[in-house]
Amino acid sequence: MSIFGIMRTGVSGMAAQGSKLGAVSDNIANVNTVGYKRASTEFSSLISEGNHSEYNSGGVETTTRYAISDEGLIMGSTSKTDLAIRGNGFFVVTDAGGTPYMTRAGAFVKNGSQELVNSAGFYLMGYPIQNGDPTVVANSLDGLERINLANVAYEANPTESGTLKGVLDSNATVIAAGTLPSDNVAGSTYSSKASIVSYDNLGNKKFLDVYMAKTGTAPDTWQAVVFDQAGATAGGFPYAGGPLANVALAFGPTGQLTTAPANFTVAIPGGATATIDFSQVSQVATGETALELAVDGNAPSAVESVDIAEDGTVYAVFENGARRATYRIPLATVPSVDQLTPQSGNVYSVNNMSGDVIVGFPESGSFGSIRSGALEQSNVDLATELTAMIESQRSYTANSKVFQTGSEILDVLVNLKR
């Protein structure tokens, strides 16, 4: 047995316990860090080879492990851009230089450029879906870009469709030919009139006048005529430019609509050609006509807030209440999650031990779901860490005693000459 071996073994033990105390101190310091994963130090014996006639003290080898796959408690928050993952997967983020990482720290906020950035300064990545569903590259992070709502800060949608529904009065007076709304003359009359707001390609309001006129009986027939209100003469007929649409309606003996197809098209001035569905129109003896016309489209509106669905779809919510899907957030993982390399900022990078990255959408395959307005807490248990700290402190003291004893024996050996 070597006296120097005893001292080296004591130093090895103190170094091992010092490493464990370092992991414990990191865990305690990050007990309230969102998405932090607990580190632990594992020990293994180190045997010294030598003369087998006497014992040769070795030492202890340390290995640091991270409980990355251990999910922390998910707690609610007041911000819709705070995100937590329930189940497997990591958010894909990049630093300012564009280097990709994975993280469970989902405390994202909008910066001055309308990008989603977490507290460590990493940018949330996603697939743009303005032009259709994205194609995921299952083994690569290519095709991802920073989620940025600045490109949809103002949104104007032209009118492209609508519905006309309600009932017509079967006892309405038949309008004579030559004075129908479709004739567009100064003496044109009608059974009912309604005005509706539509939108052109730039979001400008276009007011349309919709006239209904009974044209015949047995069978009962009607006409629906649409005009651009801007072309009215003194608020009525005739309209400059003529009707935008003119469709004939026919009804059966029980008041059911028999016209097919049950839709007509209206060319919105400066906008799209809208398709109006009138399949829900019927005729009964009501004494009055009661119709409702609704169309889509909206004027330019700013983004008011962001909604993020469990499948990762990011919706921009405008001031007028409209919603638009802008991005879809993917999740990433690796075959051996606990082997990922931790980096500053509570992010992880891929290495040879972890395996290659696997990418997919939330709620698909083995990936979990995204919860908006929530954060994953640290998986550190404070009581466990304090207990480990006391144990390590006592072990460190014991190893120092071994070193001290070896030092005293060496001192006795040196003083033998005296």
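1. Helices (H or I, at least four residues) and strands (E, at least two) are DSSP runs, numbered from the N terminus. With that in hand, Thr326 is found in strand E22, residues 323-328. Please keep in mind that this is a predicted model, where local features need pLDDT of at least 70 and side-chain atom pairs count only at pLDDT 80 or more, while totals for chains, interfaces and linings use all residues. Residues are numbered from 1 along each chain as its sequence is written, and side-chain values use heavy atoms, with hydrogens and water left out.

2. Let me stay with Thr326 for a moment. Is Thr326 buried or exposed? Thr326 counts as buried because its relative accessibility is 0%; the cut-offs are under 20% relative accessible area for buried, over 50% for exposed and partly exposed in between (1.4 Å probe, protein chains only). Not counting residues up to four places away in sequence, Thr326 touches Tyr127, Pro128, Ile129, Gln130, Leu149, Val152, Val314 and Ala316, contact meaning heavy atoms within 4.5 Å.

3. Now the overall form. The protein chain has two helices and 28 strands. Its radius of gyration, taken over C-alpha atoms, is 37 Å, well over the 22 Å that the globule rule (2.2 Å times the number of residues to the power 0.38) gives for 418 residues, so the chain is more spread out than a compact globule. The C-alpha trace spans about 140 × 40 × 35 Å along its principal axes.

4. Among contacts with a separation of 6 or more, 61% are between residues 24 or more positions apart.

5. Thr397 lies in helix H2, residues 382-414. This residue counts as partly exposed because its relative accessibility is 38%. Thr397 and Gly13 are 384 residues apart along the chain, yet 9.8 Å separates their C-alpha atoms.

6. Next, the open space. On a 1 Å grid over the protein atoms alone, a cavity is a set of points where a 1.4 Å probe fits but cannot get out, and a pocket is an open set with protein on both sides within 12 Å along at least five of seven lines; lining residues have an atom within 4 Å of a point. Grid points are joined across faces, edges and corners, and a volume is the space filled by probe spheres set on the points. The largest pocket has a volume of about 230 Å³. Its lining has 17 residues, and those closest to its centre are Asp26, Tyr36, Ala39, Tyr66 and Pro342. Helix H1 gives the largest share of this lining, with four residues.

7. What is the make-up of that pocket lining by class? It has seven nonpolar, eight polar and two charged residues, where Ala, Val, Leu, Ile, Met, Phe, Trp, Tyr, Cys and Pro count as nonpolar, Asp, Glu, Lys and Arg as charged, and the others, Gly among them, as polar.

8. There is one cavity of 30 Å³ or more, and the largest cavity holds about 70 Å³ of space. Its lining divides into 11 nonpolar residues, one polar and no charged. Strands E14 (205-216), E17 (263-267), E18 (273-284) and E19 (290-295) each supply at least two lining residues.

9. Leu293 is one of the residues that line the largest cavity, and it lies in strand E19. Leaving aside neighbours within four places in sequence, Leu293 is in contact with Thr163, Leu164, Ile196, Val210 and Ile276.
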